[in-house]
Structures are given as structure tokens and as C-alpha cells.
Amino acid sequence: MKGLAMAINPPIDATQTPAWAALQNHFNQLQAEGINLREWFAADANRTASLSFEAGDLHFDLSKNLIKPETLQLFADLAKDVKLEERIQQQYTGVHINNTEDRAVLHTALRRPASDEGKFIVDGQDTVKDVREVLDRIYAFANKVRSGEWTGVTGKKIDTVVNIGIGGSDLGPVMVYEALKAYNDSGISARYVSNIDPNDMAEKLKGINPETTLFIVVSKTFTTLETLTNARSARTWLLETLKAQGAIDGSDEKNAEAVVKHFIAVSTALDKVAEFGIDPNNAFGFWNWVGGRYSVDSAVGTSIAIVYGPERFEDFLRGFHVIDEYFANTPIEKNVVALMGLMNVWYVNFFGAHSHAVLPYNQYLHRFAAYLQQLTMESNGKSVRWDGTPVTTQTGEIFWGEPGTNGQHAFYQLIHQGTRLIPADFIAFANTPNATKDGDQDVHELFLANYLAQTKALAFGKTAEEVRAEGTDEAIVPARVFTGNRPTTSILGDTLSPFAVGELIALYEHITLVEGTVWGLDSYDQWGVELGKVLAKQIAPAISQDDAALAQQDQSTQALINFYRAHRH
Ligand code: F6P
């Protein structure tokens with residue numbers, strides 16, 4: 001294992017490569033001649049054609065970005081200089097590229113077809129075979145729950161699944177659950193509890209019947225404070241409520257049976273699961289080569305398999321795999337997945353962009369930005385490279401967003417007319433499961449008109465002359481001018497299907513890898529979340545009564561705790 005970790009070359013400093021210098025020259029030239037999307041479109045009738053791509057069943061239009069067709073070759077040169085293809089190859093074949101944790105990074109193995117069994121043996125493990133075995137067990141269990149063969153302790157069919165997890169054990173599943181709601185024909189709904197704030201659990205338990213509820217405790221490590229605390233609270237609620245309802249007698253035997261019937265687990269630490277009282281037969285494993293934020297397509301997605309069924313889960317996996325194959329096998333200058341990652345670097349390092357908006361024109365994707373925040377920012381929010389040396393340029397982007405058109409009436413003002421450059425990805429689908437007419441107006445088409453109008457306004461703006469031509473009072477002309485030249489990428493799909501959701505996730509996973517490679521980061525560790533966890537454990541006794549622990553805190557923390565103690569009822 002150590003040997004594989006050692007096989008990794010030190011990162012290449014992208015800023016010292018010929019390709020970086022060429023991009024800098026190109027950037028300087030564009031600045032000198034003036035970045036003007038109106039002019040660029042007018043001068044090149046093929047601009048959109050040369051900057052449009054298909055990957056899987058998704059269409060990508062990069063033409064409203066601050067690039068010229070020739071920029072793509074410069075991006076590809078940078079990829080070559082930092083050996084992106086080698087890193088992709090290393091990742092896909094299980095080299096321990098997560099070297100600070102000495103782990104392979106093999107989420108791509110989670111979605112390989114069964115025909116790949118025997119081809120991806122990593123550290124002695126037939127990864128695809130193991131993945132398919134766990135999937136088969138999950139599917140069998142999901143089918144039992146869906147058919148009613150699996151019941152609660154009183155013999156009633158399950159109608160509610162409560163997923164207890166946090167970070168990657170929550171954000172992926174809840175995002176996908178919301179994204180696919182139109183496909184729910186099982187009569188089973190899901191809820192997701194993540195926060196250790198008791199308000200989260202209290203609200204999620206409201207109105208549900210313990211007799212028909214199945215809890216899934218999802219934790220890669222099965223040590224996470226929030227998840228285990230919430231799992232114990234849920235177990236207490238289950239047993240107390242069942243007893244209060246007269247469904248069980250409260251004996252140890254019946255309690256144990258209730259836990260077995262109402263709790264299952266997902267973890268890489270299956271030994272810890274049994275200690276909780278969960279039957280190991282109802283525990284689904286995964287492996288340390290699956291990062292938490294890259295795990296929704298592993299057993300972590302069990303809630304999705306139960307609610308939407310194994311066939312749709314398989315479609316979901318196929319969507320990932322199509323993009324995985326495209327990304328690994330398409331030359332970089334034509335590889336829109338790689339190009340989007342390289343273009344993000346272009347905006348961060350040459351244009352000084354700090355953040356990146358992801359704006360889905362689909363209400364079902366309302367948790368997509370939250371999901372992406374962990375994926376991208378836990379991966380690339382780092383200041384040292386994978387060999388421990390400091391980074392040589394800015395890294396990371398702040399990902400954020402809300403579904404259109406809600407965002408239009410909130411923060412788009414800043415994207416259109418603010419002083420900051422905010423590249424934005426606009427995502428929409430041609431079809432909706434909820435076709436609606438407002439008189440003669442197809443409402444989905446009206447929605448898509450907004451999707452198109454926004455990227456058009458951002459790219460081409462509105463000049464002072466155009467504002468004046470509307471008879472605007474001269475004093476307010478400047479306020480009504482839109483400079484344009486605000487970059488957007490349009491992603492358009494057929495339908496927000498399980499397949500498309502898999503494609504979108506894989507797209508952003510690989511974009512994250514591309515950016516991390518250019519910056520020389522180990523995108524798969526997350527040491528930055530550890531310190532807070534340790535301190536929370538140290539501070540916990542100080543809050544309630546331990547004055548010695550309080551005295552050890554800094555003055556600000558002491559003052560805050562004293563306020564808390566004085567105000568707690
Ligand atoms: O926030 C840190 C982190 O380790 C994430 O990477 C992970 O997704 C989350 O905590 C939850 O961890 P676990 O699945 O082990 O409970």
C-alpha cells in the first residue's frame with residue numbers, strides 16, 4: 001500500500017509551465033483588444049458551433065464564456081503540462097492518489113457494469129465484483145421494503161425512510177431524493193436528518209408513525225458525533241413511541257427486535273454497526289477508497305434504491321458511467337468535462353473570480369448547489385499541495401446557487417451589474433413531468449425563456465444607447481446599463497431522469513479533479529474539518545458545568561459560554 005502511495009510524482013507547478021505562460025499571454029492579449037462577446041459573436045458565425053459539445057445525453061454551450069475557440073487548445077496544453085491524463089489514469093486504476101490518507105480513489109468503480117468484474121483489482125480486491133455484490137444485497141432489501149415483504153415490528157409495511165447521516169452521508173442522498181421526486185411510485189417517502197441541532201430531528205420526526213418507519217444510519221466511519229448522537233435519539237424515540245402506542249411492551253427482547261426491524265446501516269466500519277443493535281445482515285458496506293462526498297452512488301444511496309427502486313438506481317449508475325468513460329477517453333481539447341474544469345481555473349487564476357454560481361432551472365434540483373459545495377469545496381479548499389508544499393496560486397472556488405427563477409429575484413442583480421465576475425453554469429431540461437398551461441402559455445416554455453434570457457442578458461448586456469433609445473431619463477441611464485461579458489455555460493438535457501442526475505454528479509466530480517490536478521491538490525482528503533471536531537469535544541463539558549474545562553478556554557469562548565449559562569432556562 002505504501003508502495004503505491006510512493007509512486008505518485010510530486011505535483012507539477014502549473015504556474016511555471018509553458019502552457020500557463022501561453023495562457024497568460026492570451027489573457028493579456030484579450031484584455032488589450034477588449035473582451036467583447038457581442039463583437040466575438042458578430043465576427044464568428046461558427047462561434048457557438050465550435051464551442052458546443054455533447055457528453056452522454058447532455059448538451060453544453062460554452063460560447064458565452066470569455067474564451068475564443070483557440071483558447072481550448074491552450075487549456076489542453078495546460079492539461080498536458082500538468083499531466084492530467086496521467087492523473088485520471090492513476091485515479092481510475094486505483095493508485096493511491098489520496099496520498100495524505102494513503103488511499104485509492106475509486107468512485108468510478110462504483111458505477112462500472114458487472115462485465116468489468118475481474119478487470120479492476122486494486123490492492124488485491126476485485127472492486128467491481130464487490131460493488132455488484134453489495135448492490136445485489138441492497139436491491140434485494142429494497143425490493144422487500146417496496147413490496148411490503150419487509151415490515152416493521154408490528155407487521156406494517158414501511159412508508160417512511162429516515163436517513164441519518166451528515167456531509168457526504170446526507171447531501172448526496174437528499175439531493176438525489178429531491179431531484180427524482182417525480183419518479184416516486186413506491187408510496188414510500190424519505191426524510192433526511194443531518195444536523196446535531198435537536199431541532200432537525202424533532203421536525204423530521206413530526207407526523208410519522210414509528211410502526212411504518214425505517215431508519216438508515218449512514219456513516220462511512222460510524223464514529224461521526226452528529227450521526228451517532230442522532231441515531232441514538234432516533235432509537236430512543238422509536239422505542240418510547242412504540243411503547244406509548246402499545247405496539248411493544250418495552251421488554252429488552254421486544255426492544256431489540258424493534259431495532260432490528262426499524263434500523264439498518266451503511267458504513268465501511270461494519271464491526272461498529274452491530275454494537276448499535278443493527279443486524280449485520282441489514283448493514284451495507286463500502287470501502288475506504290470511496291470518499292464521503294463521492295459516495296452517493298455506493299450503499300450511501302440505499303434510501304434512493306428503496307424509494308425509487310433498483311432499476312432506477314441502475315439508470316442512475318449508468319449516467320455516471322457514461323460520463324466517466326467520456327471523460328477518460330475524449331481528447332482534452334474536445335472533452336467538455338475537462339474543459340469546464342480548466343475554464344474554471346482560467347476564471348479563478350487569470351480573471352480573479354472567487355465564486356462560481358450553479359443555477360439549475362429545475363425546482364427538483366433545489367439541493368444541487370448545497371451538494372456541490374461539499375463536493376467542490378471540501379475537495380479543493382486547500383493551501384498545500386499533495387507533497388506538503390504550499391500552493392503557488394489561488395485555489396478553490398466558492399460554489400453556490402439556487403434554482404431559477406428564484407435566484408433572478410434575489411442575487412442575480414449582483415451577477416448582472418455588480419463589480420465581481422461570477423462565472424455561472426445554467427442547467428435546464430427540455431421536458432418536465434409537470435406540464436402546465438397558463439391560458440395558451442406553456443409554463444415550462446415560459447420558464448425556459450427565462451433560462452435563455454438570463455444568459456443572453458449576461459453575455460450581451462445593454463448599452464447606454466439602447467437604454468436611451470427607450471426614452472430613459474439621462475440621469476438614470478448609467479443605472480440601467482448592463483455591461484455584458486459576464487460568462488455563463490449552458491447545460492441542456494432531455495429530462496431530469498435518474499440517468500441525467502448521475503451524469504450531472506459525475507460531471508462535477510471530474511471538474512473537481514481537473515481543478516485539483518492543476519493546483520496540485522490532494523482533492524480527496526479533508527483535514528480541514530478535523531480541528532473543529534476535536535475542539536467541540538473539549539468544549540462540551542465546559543458549557544454545562546465543568547468550570548475547570550471553562551477556565552481552559554480562550555477569553556472569547558469563556559465569555560460566550562458565560563452568556564449561555566446565564567441565559568439557559
Ligand atoms: O465533514 C467531514 C466528513 O468526514 C465528510 O467528509 C463526510 O462526508 C462526513 O464527515 C461524514 O462522515 P461519516 O460518513 O464518516 O459519518
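The buried residues of helix α16 pack against α8, β10 (355–361), β11 (398–400), β12 (424–429) and α21 (498–519). Please bear in mind throughout that we are looking at a predicted model.

Which residues of α16 are buried? They are F368, A369, A370, Y371, L372, Q374, L375, T376, S379 and N380. That makes ten of the 13 residues in this helix, so α16 is largely enclosed by the rest of the structure.

A word on the length of this helix. Helix α16 covers residues 368–380, and at 1.5 Å a residue its 13 residues should span 18 Å.

I turn now to charged side chains. In general, side chains of opposite charge can pair when their charged atoms come close. How many salt bridges does the structure hold? The structure holds 27 salt bridges, and I shall present a few of them.

As a general point, an α-helix has 3.6 residues a turn, so residues three or four places apart point the same way. Are the two partners buried or exposed? K129 is partly exposed, with a relative accessible area of 36%, and E133 is also partly exposed, at 44% relative accessibility.

The next pair is R312 and D185. Their salt bridge has its closest N and O atoms 3.4 Å apart. R312 sits in helix α14 (residues 310–329), while D185 sits in the loop between α8 (171–179) and β6 (189–193), so this pair ties together parts that are 127 residues apart in sequence. With a relative accessibility of 23%, R312 counts as partly exposed, whereas D185 is exposed, its relative accessible area being 52%.

A further pair is E203 and K206, where the closest N and O atoms of the salt bridge are 2.8 Å apart. E203 counts as partly exposed, at 48% relative accessibility.

Finally, salt bridges can also be joined into a group. Which residues are linked in a network of salt bridges? They are R111, D297, D324 and E509.

Conventions: Residues are numbered from 1 along each chain as its sequence is written. This is a predicted model: local features need pLDDT of at least 70, side-chain atom pairs count only at pLDDT 80 or more; totals for chains, interfaces and linings use all residues. Side-chain values use heavy atoms; hydrogens and water are left out. A salt bridge is a side-chain nitrogen of Lys or Arg within 4 Å of a carboxyl oxygen of Asp or Glu. Buried means under 20% relative accessible area, exposed over 50%, partly exposed in between (1.4 Å probe, protein chains only). Helices (H or I, at least four residues) and strands (E, at least two) are DSSP runs, numbered from the N terminus. The expected span of a helix is 1.5 Å times one less than its number of residues. Contact means heavy atoms within 4.5 Å.
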